[in-house]
Amino acid sequence: MQLVVGKIGRAHGIRGDVSVEVRTDEPELRLGPGAVLLTDPAAIGPLTVESGKVHSGRLLLRFAGVKDRTAAEALRGTFLIAEVDPDEVPDDPDEYYDHQLIGLDVVLTDGTPVGELTEVVHLPYQDLLTVVRPDGTEVLVPFVEQIVPVIDLDEQRAVITPPPGLIDPVETTGAADPDGGAAE
């Protein structure tokens, strides 16, 4: 199974280093020296991590064969993909791989069905779960413990406690006149 573990950003310096947007909770394992990564677009890879370091809070990697800024800049926007055994699970019981989450039934705490989890959207500061409702509409649910307190892989479901307005539009409480304007 293939997992996206990073996205290459800007070149850093003149020796071929690149900044990497990390998309794994195990960067030392997936992006460490010697790691061989597939790429998207595929024609760029595979890439072998030669060295890595953290600089000003950003991960910088150098790949074998990438020796200057021009070659590093050509990698910008490339996704880094690791081959992972499909039966492998993260060490932390509160962490999940995307493939474990996709397809889960999403329900409220009382068991009311909400929809099916179809995608995990990775953003720099927080992940979002894309949930497709039975009517085909999509809802983006912040993947934080306060809103998604339970992931039950055995039961193939995610339990959510959404704030008002996240799943269904908030209904206004003011009275309206029959002409569509607000009541005076």
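## Leu 101 and its surroundings

In this predicted model, Leu 101 touches Tyr 96, Leu 117, Val 120, Leu 129, Phe 143 and Ile 151, leaving aside residues up to four places away in sequence. Leu 101 belongs to helix 3, which spans residues 98-101.

The relative accessible area of Leu 101 is 1%. Because the limit for a buried residue is under 20%, Leu 101 counts as buried. Ala 158 stands 57 residues from Leu 101 along the chain, yet 8.3 Å separates their C-alpha atoms.

## The nonpolar cores

The largest nonpolar core has 21 residues, and Leu 31, Leu 37, Phe 63 and Leu 80 touch the most other members. At least two residues of this core come from each of strand 1 (2-12), strand 2 (17-22), strand 4 (47-55), strand 5 (58-63) and strand 6 (79-83). Strand 1 gives the largest share of this core, with four residues. Another core, of 16 residues, lies apart from it and includes Val 106, Leu 129, Val 131 and Val 139.

Which residues does Leu 31 touch, not counting those up to four places away in sequence? They are Val 5, Val 20, Val 22, Thr 24, Leu 37, Val 49, Leu 59, Leu 61 and Leu 80.

## The chain as a whole

The protein chain contains three helices and 12 strands. It has 184 residues, of which 32% count as buried.

Among contacts between residues at least 6 apart in sequence, 47% join residues at least 24 apart.

Technical notes:
Residues numbered from 1 in each chain as written. Predicted model: local features only at pLDDT ≥ 70, side-chain atom pairs only at ≥ 80, totals over all residues. Heavy atoms only, no water. Buried < 20%, exposed > 50% of the residue type's maximum accessible area, 1.4 Å probe, protein only. Contact = heavy atoms within 4.5 Å. Core = buried A, V, L, I, M, F, W, Y, C linked by side-chain atoms within 4.5 Å.
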